[in-house]
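Subject: A structure for you to look at

Hello,

I am passing a structure on to you, with some notes on what turned up in it. Please open it first and keep it beside you as you read.

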Amino acid sequence: MRILPALAGFLSLMLPATAFAQTANMRAASETEIRQHLPGTAELKESSNGYEYREGNENGYKIENGQVCVLFPNKSKDCVSVKTDGKTFQMIDRKGGRTRF
């Protein structure tokens with residue numbers, strides 16, 4: 001999965017999925033919640049293609065309600081869902097794997 005390394009600069013802490021005892025109260029995180037939780041989002045500059053870029057980084061990021069997508073230089077794209085209970089945030093890949101961030 002390519003999105004985890006691409007988001008590594010954003011993520012302050014990643015723990016194994018086994019850290020989640022309860023996921024029933026999780027809901028899609030809002031764009032505002034995602035931006036507040038991820039460090040460095042203020043440094044992103046929007047491009048005409050709808051993705052945001054950090055200076056010197058060729059990966060584009062699109063942060064929306066419940067989702068973060070990465071556009072790679074080769075034009076491939078990968079997305080993860082972002083869920084929260086208001087305190088804990090989870091990143092869920094397309095295979096259903098969960099990672100805390």
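A term to start with: a salt bridge here is a side-chain nitrogen of Lys or Arg within 4 Å of a carboxyl oxygen of Asp or Glu. Please bear in mind that this is a predicted model, where local features need pLDDT of at least 70 and side-chain atom pairs count only at pLDDT 80 or more, while totals for chains, interfaces and linings use all residues. Residues are numbered from 1 along each chain as its sequence is written, and side-chain values use heavy atoms, with hydrogens and water left out.

How many salt bridges does a search of the whole structure find? The search gives five.

One of them joins arginine 35 to glutamate 52 through their side chains, at 2.4 Å from N to O. Arginine 35 belongs to helix H2 (residues 31-37) and glutamate 52 to strand S3 (residues 52-53), so this pair ties together parts that lie 17 residues apart in sequence. (Helices, H or I with at least four residues, and strands, E with at least two, are DSSP runs numbered from the N terminus.)

Are these two partners buried or exposed? Buried means under 20% relative accessible area, exposed means over 50%, and partly exposed is in between, using a 1.4 Å probe and protein chains only. Glutamate 52 is buried because its relative accessible area is 11%, whereas arginine 35, at 23%, counts as partly exposed.

Next comes the salt bridge between the side chains of glutamate 43 and arginine 54, at 3.2 Å from N to O. This pair also links distant parts of the chain, eleven residues apart: glutamate 43 sits in the loop between H2 and strand S2 (45-46), and arginine 54 in the loop between S3 and strand S4 (60-64). Arginine 54 is buried at 18%, while glutamate 43 is partly exposed at 47%. Salt bridges with shared partners also join Glu31, Arg35 and Glu52 into one network.

Glutamate 33 pairs with arginine 27 in a further salt bridge, with the closest N and O atoms 2.8 Å apart. Arginine 27 counts as partly exposed because its relative accessibility is 38%.

Finally, have a look at arginine 98, which is in strand S8 (residues 98-100). With 30% relative accessibility, arginine 98 counts as partly exposed. Its C-alpha atom is 9.4 Å from that of valine 82, 16 residues away along the chain.
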